[in-house]
Amino acid sequence: MADKVLMKGNEAIGEAAVLAGCRYYFGYPITPQSELPAYLARRLPEVEGVFLQAESEIAAINMVYGAASAGARVMTSSSSPGVSLKQEGISYIAGAEMPCVIVNVVRGGPGLGNISPAQSDYWQATRGGGHGDYRTLVLAPNSVQEMADMTRHAFELADRFRNPVLVLSDGILGQMMEPVLLPEPATYDINQKPWALGTTAPRKGGRNLCSTIFLDVELLEEHNWHLYQKYQVITDEFAKGSLKHMAVETHEVEDAEIVLVGYGIISRILKTVVEKCRKRGIKAGLVRPKCLWPFPSQVLADLAAKTKQFLVVEMSCGQMVEDVKLAVDGKKPVYFFGRTGGTVPSDFEILNEVDKLVRPD
Amino acid sequence: MEQVFARPKCMSKTPFHYCPGCDHGVVHRLVGECLDELEVGDKAIGVAPVGCSVFAYDYFAFDFNQAAHGRAPAVATGIKRVRPDHIVFTYQGDGDLAAIGTAEIVHAANRGEKITVIFINNAIYGMTGGQMAPTTLIGMKTATSPYGRDAQLCGHPIRVSELLATLEAPVYVTRVAVNTPANLMKAKKALKNAFRLQKEGKGFSFVEVVSICPTNWGKSPVDAHKWLAEKMLPVFPLGTYKDSTGIENS
């Protein structure tokens, strides 16, 4: 068995991408994701890959669009303000059904904000920050190990569904170091996709075209319903199919009277809170969405029948809480606690919130 | 009977949708002829812009990507880096290339991407209905400069060929027109040079084609070509601004 290596989260993403067969990276410098392009600038030439620092985030995502359309496994990464700039390209990539992986090491916003960790890009990531009827898969790691594993999976999911996949991380996960068992390498060939431009694979029709324009309203409607049906398949796969194991993690929820809900780095703090609650006789549990779109709504809906209340904790003013409320559908109260602007709540603060809810007097 | 004129092999049997008299059809055909003559029609990948030539891919029989407005050089960069053995080119208008896509064209040229860029400069936005372009002439009336382009308000027409020729990396930067048979023959030669340089892996090649827009200029095609010669060519002089391999003399 291979040994674990000590790596920064950003570097783990870089190495996992290489192991996934990604040989093309296009990006633009921004903190706190800088270790990722620096890692790949050194690593990709070693495997005959291409690292290219683009003139802007907009150019970078469009280089991704080009490389993906030519059949490559390709990635870009950025932090919040840079991901805002990429939204135009993401809309095109989703519309043209091109597979790629986009990493957001989220920092505080809006605007330039700061370079501290935040979760305030949840809406942008899960609703699609660009224009049009489209969805992107969103994976939310909570450890350096998962930064590697989810990046490795992201490339498989992107190819399987011909869709962009976002890895939604944050400044802590990007910067912190943990031991990692690196994933198994994939074998990948740019000529294995029959639809790619310039491919040598047997084609369905004559020439291959990568486009998002459908001037005829009926054709665009047909295309949008086609995308919608694909998104339904993805949703079903995560809810009850082959990807169920990647959707959500639950902890001590069976007898929980209060269910805490949080993703990413927050979920690790919430695990401590659950343990402290249990020691104090409070029956707390944890739901940690590992995939933010599709959202594990059914798990929360099922728990709504058993538990008394939910507390959603985020490093934002409250974004994912809306999805939890939609899932719980008014059956039980859903409360929210958040810190924002780059601050990280302590277990003590959250414990206080739990106390207020379970012992209102 | 000997056939002396036919559709280039690398072009499809689709009638052009362009307005009567538009230069796009002429330039499309020249591109097809050059790729055929260089025997790279089956190795070509085009990148279509946003603008009148958004459907350029309909007229060619090889693979195409349809890019966002101005981003074609970035998209072409991604394609060429993955498929360096293919002939990758963009086909862009003046709004696409010289306004919203200024950063992408300058940096693709500056990196010396081994692609070819064909730049149609007709001094106006065509598809959106005749708005002022970065290349619109001083005093020229458009939908968004109804009193004529005012240099105090909107600056001067941007000369992209001259600008790109200041960079180290591009190997070929030339400006041509297709307004007369003589100029058309020169334009074809320039396009063939540009594609040949890419075929030989030499570097970034750029062909600007000063063109007309009869519809949005409000002129007949004949008058539009006269106006091009009288008004546009003094501002956008034809000629080669960079030829670092000396291909024009070889």
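A salt bridge here is a side-chain nitrogen of Lys or Arg within 4 Å of a carboxyl oxygen of Asp or Glu. This is a predicted model, where local features need pLDDT of at least 70 and side-chain atom pairs count only at pLDDT 80 or more, while totals for chains, interfaces and linings use all residues. Residues are numbered from 1 along each chain as its sequence is written, chains are lettered from A in the order in which they are written, and side-chain values use heavy atoms, with hydrogens and water left out.

**View 1. A salt bridge between the chains, A:Glu55 to B:Arg111.** The closest N and O atoms of this pair sit 2.9 Å apart. Across the interface of chain A and chain B, the rule picks up 3 salt bridges.

**View 2. Where chain A meets chain B.** Here 33 residues of chain A are in contact (heavy atoms within 4.5 Å) with 30 residues of chain B. The two chains bury about 2400 Å² between them, with 58% of it on carbon and sulfur atoms; buried area is the accessible area (1.4 Å probe) that two parts lose on being put together, summed over both. On the chain A side, A:Glu55, A:Arg207 and A:Ile213 lose the most area to chain B, together 24% of what that side buries.

**View 3. The two domains of chain A.** Domain 1 covers 5-212 and domain 2 covers 248-358, with bounds from an automatic or database domain assignment. Their C-alpha centres lie 28 Å apart. Across the boundary, 28 residues of domain 1 of chain A are in contact with 26 residues of domain 2 of chain A. About 2300 Å² is buried between these domains, and carbon and sulfur atoms give 52% of that. In domain 1 of chain A, the residues losing the most area to domain 2 are A:Gln119, A:Tyr122 and A:Asn142, together 33% of what that side buries.

**View 4. A:Glu178 and A:Arg268 up close.** These residues form a salt bridge, with the closest N and O atoms 2.5 Å apart. How many salt bridges does the rule find across the interface of domain 1 of chain A and domain 2 of chain A? It's 3.

**View 5. Chain A, zoomed out.** The C-alpha atoms of chain A fill a box of roughly 70 × 50 × 45 Å, taken along the principal axes.
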